[in-house]
Amino acid sequence: MPLYQIFSIQSHTKVYIWKITESFNELFRSVILKDVSLARVEKMKAESHQKGFLAVRKLLEIAGYDDFDLFYDDFGKPNLKDQKHISISHSNEFSVIAISDYNLGIDLEILKDKTLKLAPRYMDVSHLENLSTADALEKATIIWGIKESIFKIKNEPGISFKDHIFENKFNGKDGKCKAELRFENQLELFEIQYQLIENYVLVVAFMSV
Ligand SMILES: CC(C)(COP(=O)(O)OP(=O)(O)OC[C@H]1O[C@@H](n2cnc3c(N)ncnc32)[C@H](O)[C@@H]1OP(=O)(O)O)[C@@H](O)C(=O)NCCC(=O)NCCS
């Protein structure tokens with residue numbers, strides 16, 4: 001099943017989701033890559049990573065772009081040649097892109113026990129108190145996704161998930177919350193949306209205006 005879902009966030013942002021069921025060859029034959037992208041695909045060790053990268057190019061096509069419209073800065077943040085912003089994530093069998101009038105971050109994470117086990121390393125575990133294991137896993141995964149998404153917006157070396165990005169208290173079920181970046185004597189606020197997609201958590205973050 002190639003294109004899985006497209007949804008809008010207000011009128012400024014569109015999110016495109018691909019569920020990868022194709023073989024590497026099927027995907028590879030169906031996209032045109034520039035040389036630098038071809039070299040990246042050839043260097044990737046895992047076929048799942050290659051397929052995730054190629055599925056992103058399929059989503060670009062659906063959004064009206066191609067691989068030649070996408071370029072990366074020195075830290076790996078993707079940009080489009082026009083004025084729109086883009087953020088990209090891939091996880092196992094899903095790839096997602098979000099295209100927006102605003103700088104944004106998107107992250108897709110599969111639900112896996114390790115995310116909960118590692119929670120003390122990246123979050124305030126008091127936010128998981130009194131939850132069932134399943135709900136705690138879901139919420140920890142959302143919080144991990146929040147931190148990844150905010151990192152993708154800011155793209156600044158030195159930002160630590162644990163020391164600089166803080167999620168406000170939220171219940172983990174109503175699809176939205178707020179978070180803060182406290183970094184280099186500045187406080188920035190972010191609006192977060194999240195949802196479950198099968199056994200994955202999708203998080204989208206925007207800077208508060
Ligand atoms: C860059 C980073 C956010 C990528 O996240 P990830 O979960 O590994 O992978 P995802 O699939 O969600 O995202 C990968 C995409 O992010 C984008 N990306 C990579 N670096 C980026 C950056 N500096 N800024 C914004 N986007 C970036 C790319 O589009 C990439 O996919 P592509 O190269 O195939 O186009 C992450 O690896 C990272 O470095 N985080 C910061 C380091 C950190 O603090 N880690 C944990 C501390 S406890």
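These legends cover close-up views of a predicted model.

**View 1. An open sheet of 5 strands.**
The strands follow the order S7-S11-S10-S9-S8. Their pairing is antiparallel. Strand S7 (104-110) and strand S8 (165-167) form the edges, each pairing on one side only. From one strand to the next, the twist averages 25°.

**View 2. Pairing of S7 with S11.**
Edge strand S7 pairs with strand S11, residues 200-207, in the antiparallel sense. The pairing runs over 7 bridges. Within it, glycine 105 stands opposite alanine 205 in S11. Strands of a sheet pair through backbone hydrogen bonds, either parallel or antiparallel.

**View 3. Helix H6 across the sheet.**
Helix H6 spans residues 133-154. H6 lies across S7, S8, strand S9 (176-183), strand S10 (186-197) and S11. Relative to S7, the helix runs at about 145°. Which strands of the sheet sit at its edges?

**View 4. Residues around the ligand.**
The ligand is surrounded by 19 residues. The closest are Tyr72, Ser89, His90, Glu148 and Asn155.

The side chain of tyrosine 72 places an N or O atom 2.5 Å from an oxygen atom of the ligand. For glutamate 148, an N or O atom of the side chain is 3.0 Å from a ligand oxygen. Glycine 76 takes part through its backbone: a polar atom there is 3.2 Å from a nitrogen atom of the ligand. On its own, the ligand has 920 Å² of accessible area, and the protein covers 72% of this.

Note on methods. Residues numbered from 1 in each chain as written. Predicted model: local features only at pLDDT ≥ 70, side-chain atom pairs only at ≥ 80, totals over all residues. Heavy atoms only, no water. Pairing = 2+ DSSP bridges. Helix = DSSP H or I, 4+ residues; strand = E, 2+ residues; numbered from the N terminus. Axes fitted to C-alpha atoms, helices over the stretch in contact; angles between N-to-C directions. Contact = heavy atoms within 4.5 Å. Near = heavy atom within 4 Å. Polar contact = N/O pair within 3.5 Å; in protein donor to acceptor, adjacent residues only side chain to side chain. Areas by Shrake-Rupley, 256 points an atom, 1.4 Å probe, with all protein chains shown as cover.
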